[in-house]
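Have the model open while you read.

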Amino acid sequence: MPLAYRRLLEHLLPASLCMAALLALGLTPYFACWLSGYGFACPWQPDVNYYIQLAAQPYYSHALYLSDPMIPGGATFYPWLQYVPFVCLTRLLGLPIFWIQILWTIFAALGTGLTLYLFLWCLVRNRWLAAAITICVWADIDLGISYFAHRFLFVHQTYMVASDLIAYLRGQPLLARPLFPFQWRLTNAALDLPFLFLQLLVTSIARAIPSRRNLVLSGLVFALTFYVYFYLWTMIAAGLCLVMLIDRSGRLTYAWTLGLGVVLGWPQLAHDYLIKSALSAEGVKHFWLLAAPIHSASLSNDSPYYHPYLVIAEAVIVGVYAIRRKHPALLLAWCIGCAGLCLSLADVTTGIFMHSYHWSWLSVPLMHILMVAIAVDLVMLWRPRLHVPSPVSALIVSAYLVSGIYLTASIILPGFGNYADRKTIYSEYVHQRFIPGVTPLNPGSVIAGDPFFVDLASPAERQRPLAGVYLEVNMALDNEERRIRFVLDQYLSGIDHDQLAALLSSDYSVSITREQVPIYLHTFDEISRDSDRFVDSLKVRYLVLPAAQRAPAVLSNRWNLIQPGPYWQIWERSETSSKR
């Protein structure tokens with residue numbers, strides 16, 4: 001039997017267990033939603049609705065490109081590779097668009113389970129130890145949360161489970177649930193981390209065996225990250241530059257990786273430049289992308305970490321150990337993680353807001369994993385003959401995996417979670433719209449009103465939001481159209497002048513300053529005098545209001561009630577004037 005084939009078989013079982021364990025962790029929220037009556041495909045994460053809206057554009061149009069969910073044909077900077085292949089697979093399997101989040105999660109679980117296991121094996125050279133670390137670190141609810149980057153893994157989760165057990169035995173209320181595990185956040189960082197670990201794996205192999213094939217593979221993977229995510233490839237590029245300064249004997253490998261990656265990745269850079277040119281300059285500025293200086297920024301208040309100085313100190317300590325240990329794979333991982341940490345503080349150091357917290361979503365899991373790997377390395381160096389019986393080890397790993405599944409599910413289950421309202425809204429939407437006898441909304445129409453309904457109708461029934469929850473992050477709109485859309489949506493929803501003034505004066509949105517309030521109120525007055533002109537201009541066809549709300553006076557002309565409830569009343573605007 002060939003040596004390569006024999007090695008493959010040796011890794012098959014531990015790698016399969018890692019993928020199965022991570023798959024169970026990743027799908028736990030969906031099963032919890034299903035058991036709670038919300039539906040298996042309930043979008044339980046905070047921002048995933050917007051990403052499903054983006055995916056819905058090629059899903060319905062059968063196009064192979066992304067476009068803005070609000071503006072027909074509008075440009076968007078989101079990466080093609082994270083959406084279109086999964087859209088095609090969703091459509092090929094005949095699944096509804098909301099199932100794309102499940103396909104994303106499956107890919108993240110399988111990809112991370114395999115690549116992280118293989119990279120950890122390169123570090124510890126023990127198959128079952130690498131598998132145990134992979135399963136345990138990914139089962140930890142604090143792994144991906146940048147706020148808790150200063151916290152050691154395993155401690156908080158053990159405390160949570162023990163506290164819950166004691167509270168249950170004593171009949172006391174359980175502790176408040178933590179944030180959902182950010183390592184599963186869709187689409188970032190869940191879809192990026194498999195590529196990060198793959199880069200670490202292939203570059204470490206190329207560093208150890210710098211053959212032409214390995215060097216090319218390392219460069220190809222780096223080039224692929226250009227098409228995956230901006231924050232991913234920039235973090236890897238900065239890490240490669242840093243490791244070139246430290247690991248002199250591996251400079252050729254890192255230089256080849258950088259050079260080949262840039263040569264093959266520049267089309268994505270050109271594409272991003274063209275996309276930025278197609279976006280509204282005011283929209284980009286409104287999004288605060290490379291445009292809004294942070295005044296009086298401080299590391300303590302404006303970094304993505306609760307205790308940034310502790311995080312920096314930990315990174316320095318890990319770096320000193322990695323440099324002194326002279327383990328190329330460990331050093332490479334630290335350099336990339338450290339680069340991500342430095343980039344995540346760019347808002348503070350440069351004074352320009354560039355959404356640098358995205359880098360922390362990638363660097364924090366890596367730094368946590370490095371600390372665990374170093375702890376294991378120290379134990380193996382000091383106690384090389386330390387032996388734990390295999391059944392005991394398996395029991396510990398299994399118990400920690402179960403604790404991760406339990407805590408993840410408890411965030412979703414009724415009475416525990418932080419996102420019950422969002423799941424309830426999805427359930428109510430399904431029970432009102434997806435029942436026999438209900439006529440679907442006309443595809444491609446503009447819909448106004450209740451923002452949560454609107455943001456579900458956008459992917460579910462191919463609607464285009466007039467405003468919705470994500471109006472502020474739309475970079476295809478200029479300031480005037482954004483203002484008109486917002487004010488018109490409020491007017492149609494029954495808000496009067498005084499209520500809008502109170503809303504804007506209550507810090508409703510950080511992007512609407514107090515200096516802009518008079519302009520918004522003037523726009524409201526214009527719309528109230530001739531609402532038909534603005535409704536016709538923006539082609540608003542549907543309006544959604546809570547079922548218990550009294551219909552505004554504006555609906556007395558050319559608006560027909562097509563569904564009175566039970567949760568929302570849906571109005572449709574007719575082509576000709578008519579009294580209801």
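What follows covers a sheet, the helices on it, and a helix pair.

## Ground rules

This is a predicted model, so to speak of local features pLDDT must be at least 70, side-chain atom pairs count only at pLDDT 80 or more, and totals for chains, interfaces and linings use all residues. Numbering starts from 1 along each chain as its sequence is written, and side-chain values use heavy atoms, with hydrogens and water left out.

## The sheet

Five strands make an open sheet with mixed pairing, in the order S2-S1-S3-S5-S4. Strands (E, at least two residues) and helices (H or I, at least four) are DSSP runs, numbered from the N terminus; pairing takes at least two DSSP bridges between two strands. At the edges sit S2 (464-465) and S4 (559-563), each pairing on one side only.

S1 (446-449) runs parallel to S3 (540-546) over four bridges, with Ala 448 opposite Leu 543. Helix H19 (451-460) packs on the sheet and touches S1, S2, S3 and S5 (568-573); contact means heavy atoms within 4.5 Å. The direction of H19 makes about 160 degrees with that of S1. Helix H20 (479-492) touches S1, S2 and S3, at about 55 degrees to S3. Axes are lines fitted to C-alpha atoms, for helices over the stretch in contact, with angles from 0 to 180 degrees between N-to-C directions.

## A helix pair

How do H14 (328-344) and H16 (357-382) cross? Their axes come within 8 Å, at roughly 145 degrees. Residues that meet include Trp 334 and Leu 341 in H14, and Trp 359 and Leu 370 in H16.
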